[in-house]
Amino acid sequence: MDSSHPLSEKDKELIELARAASQNAYAPYSRFEVGAALLTVDERIFTGCNVENTSLGLTVCAERTATYAAVCHGSTQFQKLVIVVNQQNPSLPCGACRQVLHEFSPELEILAIGNTGKILRAKLTELLPNAFQYKP
Ligand code: THU
């Protein structure tokens, strides 16, 4: 994980889109609001936010809502994921989201940012080494 790299113009655009998506987070239970922006290899961008439910286990993370939006619109190859949280510290994807992202793009680059501007960069391969894979 690396936090030293400067932000590209594309990174800045993705951060703004993820931040806007976090404003739509439905998180009345945790108050932990997450926005995600997913950049496809052909430069499309899909966003997502976390959507909680009173039956807490039905909650879906922002990373997965963005991934599923992309897949529903015909994109399954991703180059970068940006995650914004309304907390001081950046937050990397949970284990379930890592597995879902791995399904489509094991080489994904991830950038996470909190509200003090602290940035974490990681590759999915380092966050989920030896992912589960099923070969029928
Ligand atoms: N959450 C995400 O959206 N992404 C993650 O990677 C971890 C957690 C959401 C789920 C829940 O709505 C809230 O954050 C607290 O767990």
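A polar side-chain atom of glutamate 52 lies 2.5 Å from an oxygen atom of the ligand, a polar contact in the sense of a pair of N or O atoms within 3.5 Å. Glutamate 63 also brings in a polar side-chain atom, 2.8 Å from a ligand nitrogen. Taken alone the ligand exposes 370 Å², of which the protein buries 79% (Shrake-Rupley areas with a 1.4 Å probe).

This is a predicted model, in which local features need pLDDT of at least 70, side-chain atom pairs count only at pLDDT 80 or more, and totals for chains, interfaces and linings use all residues. Residues are numbered from 1 along each chain as its sequence is written, and side-chain values use heavy atoms, with hydrogens and water left out.

Around the ligand you will find residues including Ser30, Phe32, Asn50, Thr59, Leu92 and Pro93, where being around means having a heavy atom within 4 Å. The shell divides into 7 nonpolar, 3 polar and 2 charged residues, with Cys and Pro counted as nonpolar and Glu as charged.

Now for the cysteines: how many disulfides does a search of the whole structure find? It finds 0, a disulfide being a pair of cysteine sulfur atoms within 2.5 Å. The sulfur of cysteine 97 has its closest cysteine sulfur in cysteine 94, at 3.7 Å, so it is too far for a bond. For cysteine 49, the closest cysteine sulfur is in cysteine 61, 11 Å away and therefore also too far. Cysteine 49 is buried, at 14% relative accessible area, and cysteine 97 is buried at 0% (buried means under 20%).

Note on methods: A polar contact is a pair of N or O atoms within 3.5 Å; within protein, one must be able to donate a hydrogen and the other to accept it, and residues adjacent in sequence count only if both atoms are side-chain atoms. Buried means under 20% relative accessible area, exposed over 50%, partly exposed in between (1.4 Å probe, protein chains only).
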